[in-house]
Amino acid sequence: MPVFHLLRDWLSAIILSPYRMLQSVLYRLNILRPLPAENKKMPKFYQDDEAWADIEPLPQDDGGMHPLAAIAYTEEYSEAMGYLRAVMANSEFSQRVLGLTEHIISMNPAHYTVWLYRAKTISELGIPLQDEIAWLNPTALKHLKNYQIWHHRHTIIDALGSSEGETDFINTMLGQDSKNYHVWSYRQWLVKRFVLFDKPEELEWTADMIEADVRNNSAWNHRYYLVVGGRGGKPNEELAKREIEYTKAAIRKAPQNQSPWNYVLGILRAAQLPKSTIKDFVLEFADINKPDDVYSSHALDLLADIYAEEENNKGNAEKALDLLATKYDPIRANYWKYRKGLLQQAQVAA
Amino acid sequence: MATIVSESELNYSRHIKYWRRNLKTLLPHFYTSNDSNRMLLALFTVSALDILGDLDAALSPEERQGYIDWVYGCQLPSGGFRPWPGSDFGRLSTDGNKIWDPPHVPGTFFALLTLVVLGDDLGRVKRREILVWLIRMQRPEGGFGETVDEDGFIHGGNDSRFGYMATAIRWILRGDLEGPCDGVPDIDVDKFVTCVRGAETYDGGISEAPYHEAHGGFTSCAIAALSFVDRLPLTSSQKPDSAVRGITDLPLLLKWLVSRQTATLDADDGLDTLGDETDTSETCHDAHSFVKLGSFVSTQADTNMMKETTHAHFELQWVGFNGRCNKVADTCYAYWNLAPLQLLGYMDIIDQRPVRKWLLDKTQHIVGGFGKVTGDPPDMYHSFLGLMVLAMFGEPGLQDVDAALCITNRAKKHLESLSWRRQLLGQSRDQRVGLVSDKTQIDL
């Protein structure tokens, strides 16, 4: 509950502030020493490590006096990269290299060849793929927005041929950020790879995600992926009906939420049904004869489209667009004016 | 463009200072996670200074040459560029280990552009080799990847980012010529366009792959790519042809792009509405319950209704852009959503003033550059894209830019003037090359 969080944060700020102030004063006076953070590891160096004594590191040649975007590397990173180049140049695939790739990934997860090199090392050493996934789970949580990590996961899970445990992992990731694009994208890959479109649990889980946050557009999109994408873009009439009813219930909860409005329009289009199919429903939220009783700007927008498709009802469509431009969605006033212009053009042409 | 009456100002000297510092001193170590994207940061640095009109002043001839040589240092003997010196094995390079130091699509794209901005003639670029390699980077279904391995397997995500960069590389090296060029076959343009169409979503945007969620970044990359291969939807003044064109539903795409405008500018705005999007001052309150929007309407809206005007509401002084439905505004999405609007010639369906004001008042940082959201410290990525948007708006004092290439039109003209390129394209085609940007300039 966000309200609860707010309250909790506010209370803890009040209660803890004198303590923190005292703490900072004591630090400043060198009376109190901050404890080393638990998760802050000591830097790892290879030059003093017996196990690496046979390797001569290959330092980076930054190409003369004028490198672009040169970074103030830490000594730890520069050194580790030197060892990585040396072993990659020599195509060494070993347990110690596996550790080295992990070390590099923790500092530069976007290093695209280190991931490929790691995958090759795993296959050369015959490391169980489950072990790699077990390592990858906490690593993914540390780098929520990295592309390479997902490419690597695809490779491993594809080779493993099983999606077992993946839904739990996804739930943990979505617990950090319920709209993480990579995670949803990965879920869609899983559904396709293991043909889960019609698995009842998949749709139920999606419904739970929408229930938890009706404005989670990623969850709505996933529903579309299952219902329409799983059927080659052509849902049958019965299915379309079910989806329309489902969406209506969600809109009644929060009429100004654009996600379900977009969703229902997508369903109508895929099922080749006209927008007027849901005209009565739309009128519950916006009626141009009652311009003060509007519950949703998206309903008003849809109403404009429905009227525009009707014979001799362009005037009402224009009224709806005017209401949007001036009162209910002025942030997009220029767009609504443009839409009105299109209506008028169509009239002239007719 | 209407005159802007506002105290919001672009702090030129701070932005110049910010970018000069990025050019001349080491970037802080937290950029290490971007070490493999250094060529991207290189382009941002030189192009930002060019947009600010400071590039010539910032560089001595020796430095300019030094930077050009650094970029060429990232060119691989077999053609194409690595995006950083980090994967170079130097004296230890062999045929056996070159698969771990492969040419890279983003590395090549950003290297070529950086050279263009620095005024190089691309004379040392292994152009033919790049074009041969580019064909190998296209997947059977039409999209492009990041690198290709010894077995011909194409690595990297399967989304429009690499398609954008691959088609840009093709445009830089051979313009909009279709078919074989200089004995090198062309990429499969029709298949690429079909691939883009497959990623159009039910709500009108473009996603990573068929039926995935629409996203501003992928939408922008796809539209720019279509412009590079000259396959955008035809405008009413263009003659119909038989080419496969992108975007099956332009009106829906336009609606999706304008719907990315939001008044949810920071996490606090999101908090006020329990994490929901604030579309406008009037529509933010009803998210949790079934209430009349009219109950919350401002006096400004009522005045608007009476006068039938669309005077900006006080609350709408600042308008941001998000990247997906129901998300918070973010500086970079102003670029990702406005670039396609400009390339399609529809910049006038949004109001630029509150967007400009949002960038200048909310995400511009006091030390120069732009942050991601209100109050964030600047980073090179958001700083560059924020500056691009203001240049696209025609901000006085900034050089005009090409929205798709992210370089100034000055730099683009330099590329178009190169003799090898003119020769390749033939004199008569010279006028056609700048078509897209010329068309969209009128809309500003």
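**View 1. Contact between chain B and chain A in the predicted model**. Chain B contributes 99 residues to the contact, and chain A contributes 89 residues. Together, chain B and chain A bury about 8300 Å² between them. Carbon and sulfur atoms account for 58% of that buried area.

**View 2. Salt bridge between B:Lys255 and A:Asp301**. The side chains of B:Lys255 and A:Asp301 meet at 2.6 Å, N to O. Three salt bridges are found across the interface of chain B and chain A. Polar contacts across this interface join 37 residue pairs, with both residues at pLDDT 80 or more.

**View 3. Elements of chain B on the side that touches chain A**. Two or more residues each come from helix H2 (38-51), helix H4 (61-73), helix H10 (250-258), strand S3 (261-262) and helix H12 (299-307) of chain B. Of these elements, H4(B) gives the most to the side of chain B that touches chain A, with six residues. By residue class, this side of chain B divides into 42 nonpolar, 31 polar and 26 charged residues.

**View 4. Confidence along chain A, with residues 34-38**. The average pLDDT of chain A is 90, and 88% of its residues score at least 70. Over residues 34-38 of chain A, the pLDDT is below 50. Beyond near neighbours in sequence, the stretch 34-38 of chain A has one contact in the model.

Conventions. Residues numbered from 1 in each chain as written. Chains lettered and ligands numbered in written order. Heavy atoms only, no water. Contact = heavy atoms within 4.5 Å. Buried area = accessible area lost by both parts, 1.4 Å probe. Salt bridge = Lys/Arg side-chain N within 4 Å of Asp/Glu carboxyl O. Polar contact = N/O pair within 3.5 Å; in protein donor to acceptor, adjacent residues only side chain to side chain. Helix = DSSP H or I, 4+ residues; strand = E, 2+ residues; numbered from the N terminus. Nonpolar A, V, L, I, M, F, W, Y, C, P; charged D, E, K, R; others polar. pLDDT = per-residue confidence, 0-100.
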